[in-house]
Amino acid sequence: MNKAIKSLKFILVLIASVAITSCVQDDDYTIPSSLGDEENKALEELLLTGNEISFETVKAMYTEGDFIEPVDTNDYVKGYVTSSDQTGNFFKEFFIQDSPTNPTSGLKIILNQVDTYNQFNLGREVYISLQDLHIGEERVGNGVITIGGGTETDQFGTTVTSLNEIQIRQKVLRSSVTETITPLNLGLTAINGDHVGLLVTVDNVEFADDLAGENYFDPTEVFDTQRILQDCSGFTYPQFILETSSFSSFKNEPLPILNGSITAVVSKTFDGASLVLALNTIDDVNMENPRCTLLDIEDFEVIFEEGFDNSLGAWEVINTLGTNEWYASSYSGEGYVRGSAYDDDITLEMISWLISPSIDFDANDNERLILQVADAFSNGQPLKAYYSNDYTTGSNPDDATWTEIGASEIAALPENTGFFNNVYDATGLIDISMITGNAVLAFVYDSDDATISSTIDLSNVQILAN
């Protein structure tokens, strides 16, 4: 009897060993069978027969206000998961971005499934077969391009609905790859709608002064609580919203009172009216530094100023597209340089560079840039600002390396759709303290392929430092 039992145990161990060995894949297999034979087969078939398209191509499939037709081509998109519902701060959704490092675009996937964090874990490489799925918005006008399984229409318009269980199994396919996501490092003022779905890290931030003693979630709220983050790297407090769900496991944790960094997913409020940050976990909040102090304008002096008194002075104007260009003029004693792509009832292609003389940025600290700008007939913002350390006077700007500055401050300038005015609006203090060595500034009028014709008058450029 004992021999029979021992023999049976030996046979069972042998069978188990064979089974385990048979599961081992050699190096030729990129999709391990541990994902499941059905998912392996579906992904292998998709990669063999399908056509990979970019995130931007996916987004271009949707036009706001149009009825959302199902995708009728055998296309797929590949991305990397940036959100996790393990703590309950995301619900029946996850975001993907187009690369684990230096991403440029994100997409939202809505699905009728909870606790997806093991299946679609952070950094997981995911392939989504788009055929018969729908690209659109989950809520009309919220501006978040979403992949869904169907559509529904009401008096406000047509939206996408969640993927069902069958669609999840057949259309949302994992590979064996889980990448380490390197968060995109941004300042609060640099975050914009293009970053929705991306995992970002923001440094030198803290919760607003009046939130000391508060928790991540306000118990008087029903669904979500918005807490204000602030960055005091300049003269004022740029602010941004951190949003926490009532279902999050960390909702009753106290907000940190010190300064530091936070890593979170860029998302939007329910109605799409505001950008927000949403945490995967409070382990991604690292605030252990002393609270920061605002800079004092009284500690700064003007180290460079150009008033364009009916003259370009030592500045260069170089066009890289079109013939319309910056030119000097004046009105009622106020000098300025003007750029406009409007001519003879049409909008022209125009990229015109206004380039400063070389400036020594090592001679001072904490430099800040202020621009005085007036506009007219506005139909978009053509003004962009850059700096370069390798531009050579008189050369083609396209041959130099340029870094954009002040995008959010310039975008915040009010637009005047009426006639010419001599009321100049000041940008916020643009941080240019990162510039070192000898560098030039450039202000570029870009008509965006002849779609923008606003008239821009730049009357004063100041650099402050201490």
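## Two residues with positive phi

Alanine 450 is placed in the loop between β31 (438–446) and β32 (455–465), where strands are DSSP runs of E of at least two residues and helices are runs of H or I of at least four residues, both numbered from the N terminus. The phi of alanine 450 is near 65 degrees, a positive value in a residue other than glycine, and the residue is partly exposed, with a relative accessible area of 27%. In this report buried stands for under 20% relative accessible area, exposed for over 50%, and partly exposed for what falls in between, with a 1.4 Å probe and protein chains only. The model is a predicted one, in which local features need pLDDT of at least 70 and side-chain atom pairs count only at pLDDT 80 or more, whereas totals for chains, interfaces and linings use all residues. Residues are numbered from 1 along each chain as its sequence is written, and side-chain values use heavy atoms, with hydrogens and water left out.

Aspartate 115, which is not a glycine either, has a positive phi of about 50 degrees. Aspartate 115 lies in the loop between β4 and β5 (124–129) and is exposed, with a relative accessible area of 56%.

## The chain as a whole

Five helices and 32 strands make up the secondary structure elements of the chain. The C-alpha trace spans about 110 × 55 × 50 Å along its principal axes, and 47% of the 466 residues count as buried.

## Salt bridges

Over the whole structure a search finds 10 salt bridges, each being a side-chain nitrogen of Lys or Arg within 4 Å of a carboxyl oxygen of Asp or Glu. One of them joins the side chains of glutamate 38 and arginine 169, at 3.3 Å from N to O. Because glutamate 38 belongs to helix α2 (residues 37–49) and arginine 169 to helix α4 (residues 165–171), this pair ties together parts that are 131 residues apart in sequence. Arginine 169 is partly exposed, at 44% relative accessibility.

Lysine 108 and glutamate 138 form another salt bridge, with their closest N and O atoms 2.8 Å apart. Lysine 108 sits in strand β4 (residues 106–110) and glutamate 138 in the loop between β6 (134–137) and β7 (145–148), so the contact ties together parts that are 30 residues apart in sequence. Lysine 108 is buried, at 6% relative accessible area, while glutamate 138 is partly exposed, at 22%. Both residues belong to a network of salt bridges that also links Glu93 and Arg139. A further salt bridge is formed by arginine 291 and glutamate 206, whose closest N and O atoms are 3.4 Å apart. Arginine 291 is in the loop between β17 (285–289) and β18 (301–306) and glutamate 206 is in strand β12 (residues 199–207), so this pair ties together parts that are 85 residues apart in sequence. Arginine 291 is partly exposed, with a relative accessible area of 30%, whereas glutamate 206 is buried at 1% relative accessibility.

## Pockets

The largest pocket holds about 1000 Å³ of space. A pocket here is found on a 1 Å grid over the protein atoms alone, as an open set of points where a 1.4 Å probe fits, with protein on both sides within 12 Å along at least five of seven lines, and lining residues have an atom within 4 Å of a point. Of the 33 residues that line the largest pocket, Thr189, Ala190, Gly406, Ser408 and Glu409 lie nearest its centre, and the elements giving two or more residues to this lining are β28 (403–405), α5 (407–411) and β30 (430–431). The lining of the largest pocket has 14 nonpolar, 12 polar and seven charged residues, where Ala, Val, Leu, Ile, Met, Phe, Trp, Tyr, Cys and Pro count as nonpolar, Asp, Glu, Lys and Arg as charged, and the others, Gly among them, as polar.

The second largest pocket has about 610 Å³ of space, and the closest to its centre of its 26 lining residues are Asn89, Phe91, Glu93, Arg139 and Asp224. Glu93 and Arg139 are also members of the salt-bridge network described above. The largest share of this lining, three residues, comes from β14, and by class the lining of the second largest pocket has 10 nonpolar, eight polar and eight charged residues.

Conventions:
Grid points are joined across faces, edges and corners, and a volume is the space filled by probe spheres set on the points.
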